Amino acid sequence: MFTPRKSAVALRAAVLIVCTLVMSACSLTTDNEGPSTMAVISGDAQTAPPNTALAEPLVVVVVNQFGEPLKDITINWAIVSGGGALSASSSVSDDGGHASVNYTTGPTAGSVIITATVHGLPPLGFDETISAS
C-alpha cells in the first residue's frame with residue numbers, strides 16, 4: 001500500500017545520497033607550489049657610464065596563483081643585448097619572493113637588455129643604457 005510519508009522519506013534519502021555523491025566528486029585545487037607570476041620590483045631603466053655598476057640592483061618578485069611570495073625559486077639572468085657583466089647568472093628568491101642581481105655596464109655606449117627567467121613563465125626584460133663616457 002502506498003503511504004505518502006514513507007515515499008517522502010525515501011525521496012529525501014535518495015536526494016541526500018545523490019547530493020553526497022556529487023559533493024564528493026567536487027574538489028578545490030589549492031596547489032600553490034609553483035610560480036604563477038613574476039614582476040619587476042626595481043632596477044629597470046637605469047643609465048650609467050661605461051664600466052660602472054648600476055646604482056640599483058635588478059630586482060624581481062615571484063608569487064603563486066594567490067599572490068603569495070615564493071621562497072627558494074631560481075631566477076636565471078642573462079644579458080640579451082649590449083655588453084657588461086652580471087654579478088651572477090642565477091639567484092634564488094628570499095622569504096619575500098624577491099631575487100636580485102647587480103649589473104656592471106660594458107665598455108661601449110648603447111642600450112642593454114637583461115632578462116630574468118623562471119621556468120614556466122615568460123621572461124621579464126630590464127632596459128638599461130650605457131651612456132657615452
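In which strand does Ser 91 lie? Ser 91 lies in strand 6, residues 90–92, where strands are DSSP runs of E with at least two residues, numbered from the N terminus. The legends below describe a predicted model, in which local features need pLDDT of at least 70 and side-chain atom pairs count only at pLDDT 80 or more, while totals for chains, interfaces and linings use all residues. Residues are numbered from 1 along each chain as its sequence is written, and side-chain values use heavy atoms, with hydrogens and water left out.

View 1. The side chain of Ser 91 reaches the backbone oxygen of Ser 100 at 3.2 Å. Leaving aside neighbours within four places in sequence, Ser 91 is in contact (heavy atoms within 4.5 Å) with Ile 73, Thr 74, Ile 75, Trp 77, Ala 99 and Ser 100.

**View 2. Val 101 in strand 7, residues 98–101.** Val 101 is buried, with a relative accessible area of 1%. Among the residues that Val 101 touches, not counting those up to four places away in sequence, are Pro 57, Leu 58, Trp 77 and Leu 86. Val 101 and Ser 91 are 10 residues apart in sequence, and their C-alpha atoms are 7.1 Å apart in space.

**View 3. Strand 3 and its pairing partners, strand 1 and strand 7.** Six of the six residues of strand 3 are buried, so this strand is largely enclosed by the rest of the structure. Leu 58, Val 60 and Val 62 point one way from strand 3, whereas Val 59, Val 61 and Val 63 point the other way. Strand 3 pairs in the antiparallel sense with strand 1 (residues 37–42) over five bridges, pairing being assigned if DSSP finds at least two bridges between two strands; here Ser 42 stands opposite Val 59. Strand 3 and strand 7 also pair in the antiparallel sense, over four bridges, and the bridge partner of Val 60 in strand 7 is Ala 99.

**View 4. The largest nonpolar core, with 21 residues.** Such a core is a set of buried Ala, Val, Leu, Ile, Met, Phe, Trp, Tyr and Cys residues joined through side-chain atoms within 4.5 Å. Met 38, Leu 58, Val 60, Ile 75 and Trp 77 touch the most other members. The elements that give two or more residues to this core are strand 3 (58–63), strand 4 (74–81), strand 7, strand 9 (110–117) and strand 10 (124–130).

Terms used: Buried < 20%, exposed > 50% of the residue type's maximum accessible area, 1.4 Å probe, protein only. Polar contact = N/O pair within 3.5 Å; in protein donor to acceptor, adjacent residues only side chain to side chain.
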